[in-house]
Amino acid sequence: MSCVTDRSLRYTRIGEIFWKGFAAEGNTFLKCPFKALQFDACGAVFLTNHIACKLSTLYFKNLTVSWPCPARLPSLVVLPCWFLSMDLPVIDLSRYMEISVRSGGAVFSASDEVGNAEELRALCAAVSGSLRDTGALLVKDPRCTAEDNDRFLDMMERYFERSEEFKLQQARPNLHFQVGSTPEGVEIPRSLVDEDMQARIKSMPKEFQPAIPSGPDPKWRYMWRVGPRPANTHFKELNSEPVIPDEFPDWKETMDLWGSKMIAAIEVVAEMAAIGFGLDKDAFTSLMDHGPHLLSPTGSDLQRHGSLGTVFAGYHYDLNFLTIHGRSRFPGLNIWLRNGQKMEVKVPFGCLLIQTGKQLEWLTAGECLAGMHEVLVTNRTLEAIESARQQSRSLWRVSSTLFGHIASDATLKPLGHFADTPLASKYPPICTGDYVEKELAAINLKG
Ligand SMILES: O=C(O)CCC(=O)C(=O)O
Ligand SMILES: [Fe+2]
């Protein structure tokens with residue numbers, strides 16, 4: 001990768017400037033004309049004062065990074081990770097939580113040390129920047145352990161392995177499948193019914209086009225409601241009581257444990273993103289309060305649907321606020337970055353994947369677009385199938401998906417300064433529950 005100084009190229013300003021104090025380990029030098037430029041694994045760029053003294057703008061292909069004034073020396077510039085590599089940044093949430101707890105939750109209180117505030121701002125901007133540029137983010141949360149994730153996956157494998165007749169007992173079509181099981185062949189991927197989306201797909205370069213689904217998704221799902229339900233709501237179906245299958249005595253405890261930990265991680269990300277976007281810390285989390293958060297593992301039978309290219313979840317966006325995925329034992333998720341590039345996601349061990357949903361797009365007036373994605377059998381899935389066969393492990397692919405929602409009775413509308421942006425009129429105020437019901441009808445979950 002080289003730096004480009006040809007000004008005839010189209011440049012976009014996406015870089016953000018931060019001050020000293022946010023350093024990552026394992027920096028690597030990138031070969032480029034600016035010798036003092038350093039990149040770390042998260043895609044952060046470190047500039048020495050020497051460079052900053054001379055320049056106020058760096059030009060890269062399709063990207064300009066600039067800072068207000070050469071005299072104010074930036075020590076760190078965060079670039080979108082797609083520019084540097086095909087790896088998503090990993091943000092360790094523990095640092096934010098530590099400082100937040102120490103300052104009694106008032107993250108930028110007057111009593112806070114200056115260094116901490118700068119470090120927090122840099123971390124929060126890395127979160128909002130990644131959500132904006134890639135629609136995704138990898139996080140580490142010490143509370144979400146691999147053991148909890150495994151316990152959840154083990155139980156869900158046992159559940160999905162049960163007969164169709166058993167699993168149909170937990171289906172609640174009258175509640176739009178928002179609790180209990182959804183059989184395979186019900187959910188229709190957005191790309192199958194949305195003509196605008198189909199036109200956009202056709203205009204993509206061939207190598208970035210998603211697999212075109214030919215029918216409903218061949219995946220099962222289980223929706224488990226996590227967190228308190230509202231005492232009063234206009235949307236009873238979206239806020240129904242959870243369904244517990246017979247013969248799974250530790251169902252509630254296992255689901256609640258994993259679900260509440262994933263929600264806790266989403267809440268931290270939502271706070272950090274709000275700060276990064278220049279909103280109040282609780283701008284998103286206050287709207288998530290009593291939201292219909294759903295632990296929604298998908299279950300795909302790789303014995304029946306395990307051939308290369310089989311699409312489990314056709315190209316779509318998520319209709320909720322933020323989605324979080326723990327580890328799945330079988331890979332297969334592709335995401336599309338804001339610049340149109342397709343990327344196969346590799347979730348490192350111990351990490352969680354966050355994806356942006358349509359409700360976040362609404363609240364930020366399109367600053368952050370809902371991340372497009374698909375799940376299909378790739379070569380890496382085939383390798384995992386082979387290794388599971390050799391070890392006699394389950395051949396059900398279970399995802400650890402949790403949909404974090406805005407409360408059904410809250411209003412979706414661009415927040416704070418996003419209300420004044422040119423695209424705000426594309427996102428008129430709408431009751432979240434009404435919006436969700438419309439989306440559910442489009443994908444065949446609401447009759
Ligand atoms: O199965 C997965 O890994 C994720 C499926 C998905 O995108 C979804 O449930 O919305
Ligand atoms: Fe999805």
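## A guided tour of the predicted model

Gly309 is the opening stop: leaving aside residues up to four places away in sequence, it touches Ala211, Leu376 and Val377. Keep in mind throughout that this is a predicted model.

**Stop 1: around Gly309.** Select Gly309 and show the backbone. Gly309 sits in the loop between strand 13 (298-301) and strand 14 (311-316). Is Gly309 buried or exposed? Gly309 counts as exposed, because it has 8 C-beta neighbours inside 10 Å, and the limit for exposed is 12 or fewer. In sequence, Gly309 and Leu376 are 67 residues apart; in space, their C-alpha atoms are 5.9 Å apart.

**Stop 2: ligand 1.** Select ligand 1 next. Which residues are around ligand 1? Pick Ser296, Thr298, Phe312, Ala313, Asp318, Ser328, Leu333, His373, Val375, Ser399 and Thr401. Strand 14 and strand 19 (373-376) are the elements that give two or more residues to this shell. Colour the shell by class: four residues are nonpolar, six are polar and one is charged.

**Stop 3: the whole chain.** Zoom out and switch to a cartoon. The chain comes to 13 helices and 23 strands. It has 447 residues, and 45% of them count as buried. Take contacts between residues at least 6 apart in sequence: 78% of them join residues at least 24 apart.

**Stop 4: the largest nonpolar core.** This core has 93 residues. Select Val127, Leu137, Val139, Ala265 and Val269, the members that touch the most other members. Helix 9 (residues 251-276) gives the largest share of the core, twelve residues. Now centre on Val127. Not counting residues up to four places away in sequence, Val127 touches Ile91, Leu137, Val269, Met272, Ala273 and Gly276.

**Stop 5: helix 3 against helix 9.** Two packed helices are described by the angle between their axes and the distance between the axes. The axes of helix 3 (residues 93-102) and helix 9 come within 11 Å and cross at roughly 75°. Helix 3 is therefore roughly perpendicular to helix 9. Which residues make the contact? Helix 3 brings Leu93, Tyr96 and Met97, while helix 9 brings Ala265, Val268 and Met272. By class, the contact has six nonpolar residues, with no polar and no charged ones.

**Stop 6: Arg121.** Select Arg121, which is found in helix 4 (residues 114-134). Arg121 counts as partly exposed because 19 other C-beta atoms lie within 10 Å. Arg121 and Ile275 are 154 residues apart along the chain, yet their C-alpha atoms are separated by 7.5 Å.

**Stop 7: two positive phi angles.** Most residues other than glycine have a negative phi. Select His290 and Ala365 to see two with a positive value.

- His290 is not a glycine, but its phi is positive, about 60°. Look for His290 in the loop between helix 10 (285-288) and strand 12 (293-295). His290 is partly exposed, because 18 other C-beta atoms lie within 10 Å.
- Ala365 is not a glycine either, and its positive phi is about 50°. Ala365 lies in the loop between helix 11 (358-363) and strand 19. Is Ala365 buried or exposed? Ala365 counts as buried, because it has 21 C-beta neighbours inside 10 Å, and buried takes 20 or more.

Technical notes:
Residues are numbered from 1 along each chain as its sequence is written. Chains are lettered from A and ligands numbered from 1 in the order in which they are written. This is a predicted model: local features need pLDDT of at least 70, side-chain atom pairs count only at pLDDT 80 or more; totals for chains, interfaces and linings use all residues. A nonpolar core is a set of buried Ala, Val, Leu, Ile, Met, Phe, Trp, Tyr and Cys residues joined through C-beta atoms within 7 Å. Helices (H or I, at least four residues) and strands (E, at least two) are DSSP runs, numbered from the N terminus. Two residues are in contact if their C-beta atoms, placed from the backbone, lie within 7 Å. A residue is near a molecule or strand if its C-beta atom, placed from the backbone, lies within 6 Å of it. Ala, Val, Leu, Ile, Met, Phe, Trp, Tyr, Cys and Pro count as nonpolar, Asp, Glu, Lys and Arg as charged, and the others, Gly among them, as polar. Axes are lines fitted to C-alpha atoms, for helices over the stretch in contact, and angles run from 0 to 180 degrees between N-to-C directions. Angles under 35 degrees count as roughly parallel, over 145 as roughly antiparallel, 65 to 115 as roughly perpendicular and the rest as oblique.
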